[in-house]
Amino acid sequence: MLKLMRLILSSLLIHKIKLLSLVFLLTTTTKVDSSSSNKTDRLALLSFKELITEDLLGLLSSWNNSLDLCKWDGVTCSRKHHRVVVLDLRGKSLRGTISPFLGNLSFLRSIYLQENRFHGKIPLELSRLFRLQHLNFSSNSLEGEIPTNLSNSLTVIDFQSNNLVGKIPASFGSLSKLTILELGTNNLIGEIPPSLGNLSILQTLYLGWNNLRGTVPNSIGRLSNLQIFRVGANKLTGTVPPPLYNISSLRTLIIAYNQLTGSLPQDIGLTLPNLRRISIGLNKMRGLFPVSLSNASRLTALDLSISYLSGPVPNDLGRKMTDLDWLNFGDNNLGSGDASDLRFIDSLTNCTKLRHLDFYENGFRGILPISIANFSGQLNMLDAGENQLVGTIPTGISNLVGLFDLNLDQTSFQFNMFQGSIPPSFSSLKGIETLDLSHNNLSSQIPEDLAALMFLKNLNLSFNNLVESPGERMNVRDAVKGLTTIKEVFLGVGIHGKRLQHLNFSTNSLQGVIPTNLSNYLSSIDLSYNDLVGKIPASFSSLSRLTHLDLFTNNLIGGIPPSLGNLSLLRTVDLGVNSITGTIPHSIGLLPNLQVFSIGMNKLLGTVPPALYNISTLTHLFILINQLTGSLPQDIGLTLPNLQSIVVGENLLSGTFPVSLSNASRMKMLDVSASNLLGPVPFDLGRMMKDLTKLRLGVNHLGSGNANDLRFINSLTNCSKLQKFDFDENGFGGVLPTSIANLSSHLDEFLAGRNQLVGNIPPGISTFVNLANFGLEQNFFSGVIPFEIGKLRNLKLLDFSRNKLSGPIPKSIGNLTRIFGLFLHENNFNGTIPSSFENILDLQTLNLSYNLLVGPIPQTVSLLSTLSSINLAHNFFTGPLPLEIGKLNNLQELDVSNNLLSGHIPSSLGNCLRLESLLLEFNMFQGSIPPSFSSLKGIETLDLSHNNLSGQIPKDLAAFIFLKDLNLSFNNLVEYGVGGKISTQGDVYSYGILLLEMLTGKRPTDEMFTDGQSLHKLCKSALPEQVMGIADSRMLFEEPKEARNDVDQNEKIGQAKVRECLISLMRIGVACSAESPGERMNVRDAVIGLTTIKEVFLGVELQPGGKPGLNPFQLHQPPTESHRERSGLMAAAGPSQSAFHCELELGDRSEERAPPPR
């Protein structure tokens, strides 16, 4: 027994020794392995350090072999194994790439490298870190794609604010422990992986500011723990999954800047009780303002701006929002235009933390509630602009002293209808930097106390009615009186450091001179659209910070101060539409930063300083409508590489078209019209002008009349943004190239009139689907109008007049339902007026005269109720004048003369009360003049001559006080005038005017007869000495020269006889055309006078005569171009330039009627 016990003890002792030996062995082995692994971590970190190219803080200086790696800056080791578990180098200003050897830190749980300047790709080796839980590389410059096989242990991935590309890995859906995924502000593409909906404990998902497309997956609505959902600023479409609005844990919802549709649920304020931030703007959402948002008591930021929301804002919106900091629902359709629209403002007084309030550009109406005075003292922005607010600006703003002491950054009440004065209480806004009260109806003067706003940088009072009292305009000195009286503000001697920088008083009624002592801190001055007088102050040269000077549209005089050339920072100079004289100072060419130089519509002389054409920063040059001379430099397209707009027309320029403009690749508007430029136009003009929108070459001499003139049009097919193209009146020849079909689809104006173009109108014009103004007038186009013209459904003005077009007018013109001006006159069109014309309901002017049109005038003309002018003269229309024409209440001019119309003149014409000109001559109308004509009180021209009218002339015609031209000749009218007496005073007047037209070659409607002048007054003032000066040169002899023989002496005598004859004839014409009927020469005396003149001048006796009951006499003239539109009682004919021949014919009406002249 004892022996057995000894054996057992001996055995146990042996096993114990073996066990202790094993423990010792294991312990020794572990220490060796730990030391080996620690060395691996050291090597990995030193490899990381080797790729750091910049360490501004010297952080990695501790990473060396003399120090335990666990004591290195940014490194945390585990206590037990002394392995690296955390690498935290956030915000250490490190630059370099991320070493792939980080993948050897096998115990690593967290990497924080955010807010540095790492670049390159994310190492794929990080996928070996199976223990990794936190990975944050945000706010660097990393590139490439996101690794797909990251650790399943990850709870946080933050790669936001880098330059990563590619798609979001679908494999992320398997990272079941993930709670935060932030990939925003990168360049990611593709769709949001539906697999992300499997991340059941995900709390934050930030994917905003990428290029993601597709829809928001429905699976996102399954993320029951989601608190932050940010996908704004992508290209997402479709609707937001409805379950997303039911995730009660959601605190932040940002979906703005996408293309999402649908609407916000009306119960969103109840289903999302923890909502703190929401932003949905700049999508395609619609719907009503959610009333339930009044219950969102935890909201700190509510941004519904630019969301197409409508309806009222809940009156109690802010009742529970005690933490609200930001409120913006600007640019919507909120409000009903009712006075109660702004009742919600009362509830916002509960929002004691409110700093930003913005409800601009809605439909709110009414006055600003006085409760606005009780707003949060922390408010620093208030924008109520572009609504329909009325009344006065509340003076209660003065109660918010604390508010403005905390730096009110911006207040904007612009684009409303506020009236009254600017509240003096605004002087209490001590911290205000920007004050914008523009585009209202404010009056009175600017409060002097505004000068005390020492932090004011931007002051905009433009577009108001700043007047001192009704009917009296404010002097600009008074307008800035308060500012100029405070030396600290305007002269910059104050102690607060900030000064007035932007001054905008544009579009008011300010007058007087511009103050000379403006603040040296000003960088922008805008006094445009006022009535300022005097000179531009030379003291402006001391405003060394000035970058913008706008004095456009005033009454300034004097010259441009040369001292402006000292303002080296000046970028904009706009002095247009004034009365500035002198030359452009050479010093302007010394402004190295000048971008905009506008001096159009002044009285400037001389040449443009050559140095101005060498300012490479210049983008806009406007020198139109002056008296400038010289020429455009041939290299302007090279020396001004940034030029975007140039307008130089209506000066006294000359020279050839600058070939180098073909290099102006940034050009948007090129207008050299009316500049006396010679051609040719460079064939590659538009080659580089990708952004060109307006090209105006009209009224120059650019063409040579040959077929190559329009080659440059081919290059304009590169100008994909071209909207306006004008090359009329240049002498261009050839045909329109077929390449016009490839011009920009944005083209809305194409003007090619008054050239020498031939051939057919190309069918390719059908591509001009946005064309509004189409002019090909006064060329030599032939053939038919293409049927494709009907595709130009946006046309408003079509002018194909004075060509050689033929065939019928295409029915497709009836598709042009927006057109208001249609001019097809002086062509060879035949057939009838298309019935489709009845569809052109906006037509105002219709001119089809001088064609070969036949058939009746359509009765459906009455449907065109907007018509104000109809000219169908000189065609072959038959039948009666439609009764329905009397329904055209807007009609002012009607000309159907020289046709084959018959029947009675419709009495319904008397309903056209706006009628000013009625021309029915040379037709076959019969019956009497309608008594309804007595309603045409505004008639100025009435010509019923050369018809078969009979009966008496309505007595009421004598009461037409505006009537200037009355012609009733060549009819069978009796009892003309009042009281049954035959009167010829109206016809005598018409004859007198006609006679003066023939003698002078001028018409009473010529443009020279304005401001009370007339043909009658011109001739009367010329008698007798100046008659030869105004006479038509075609009737005069050539002036005799001194050294001529006796035969020439006879011509000189003949010239004297012509002069005497002209004086006598002009006296008769003046006497017949006196303004007062009682002062006019009677018919018998006129005939006797003419007979006497003819007997004296030609020695031919002429015996007057006549028949009772007919017009007293008839005088005819062969038709001439200048007298086709009206025939008088008498006309003088004379193809000879050496004699003036009058012929008087008498006879009854049974003789054949002379055909209408054509």
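Modeller: Val758 is partly exposed, because its relative accessible area is 34% (buried is under 20%, exposed over 50%, partly exposed in between, with a 1.4 Å probe and protein chains only). The model is predicted, so local features need pLDDT of at least 70 and side-chain atom pairs 80 or more, while totals for chains, interfaces and linings use all residues. Residues are numbered from 1 along each chain as its sequence is written, and side-chain values use heavy atoms, without hydrogens or water.

Val758 sits in strand β47, residues 756-759 (strands are DSSP E runs of at least two residues, helices H or I runs of at least four, numbered from the N terminus). Together with Val735 and Phe780, Val758 makes a nonpolar surface patch of about 240 Å². Patch members have over 30% relative accessible area and no salt bridge; nonpolar side chains (Val, Leu, Ile, Met, Phe, Trp, Tyr) are joined within 5 Å, like charges within 9 Å. A salt bridge puts a Lys or Arg side-chain nitrogen within 4 Å of an Asp or Glu carboxyl oxygen.

Now the whole chain. It holds 14 helices and 67 strands. Of its 1158 residues, 52% count as buried. The accessible surface is about 50000 Å², and 53% of that belongs to carbon and sulfur atoms (Shrake-Rupley, 1.4 Å probe; for residues, only the protein chains shown count as cover). Among contacts with a separation of 6 or more, 56% link residues 24 or more positions apart (contact means heavy atoms within 4.5 Å).

Two buried asparagines come next. Asn464 lies in the loop between β28 (458-460) and β29 (467-469). Asn464 has 5% relative accessibility and so counts as buried. Its side chain reaches the backbone nitrogen of Asn441 at 3.5 Å. Beyond four places in sequence, the residues touching Asn464 include His439, Asn440, Thr507 and Asn508.

Asn899 is in the loop between β58 (893-895) and β59 (900-904). At 0% relative accessible area, Asn899 is buried. The side chain of Asn899 comes to 3.0 Å from the backbone oxygen of Val896.

Then the cysteines. The model has one disulfide (two cysteine sulfur atoms within 2.5 Å). It joins Cys70 to Cys77, S to S 2.2 Å. This link is left-handed, with -100 degrees about the S-S bond. Cys77 is buried at 16% relative accessibility. Cys912 is buried at 0%, and Cys1061 is buried at 5%.

Last, the backbone. Most residues other than glycine have a negative phi, and most peptide bonds are trans. Gly679 and Pro680 are joined by a cis peptide bond, omega about 5 degrees. Pro680 is in the loop between β42 (669-671) and β43 (694-696). A cis bond also joins Leu1023 and Pro1024, omega about -10 degrees. Pro1024 lies in the loop between α11 (1015-1022) and α12 (1027-1030).

Asp331 has a positive phi of about 55 degrees and is not a glycine. Its loop runs between β18 (326-328) and β19 (333-334). At 25% relative accessible area, Asp331 is partly exposed. Ile625 also has a positive phi, near 55 degrees. Ile625 sits in the loop between β40 (620-622) and α8 (636-639), and is partly exposed at 29% relative accessibility.

Methods:
Polar contact = N/O pair within 3.5 Å; in protein donor to acceptor, adjacent residues only side chain to side chain.
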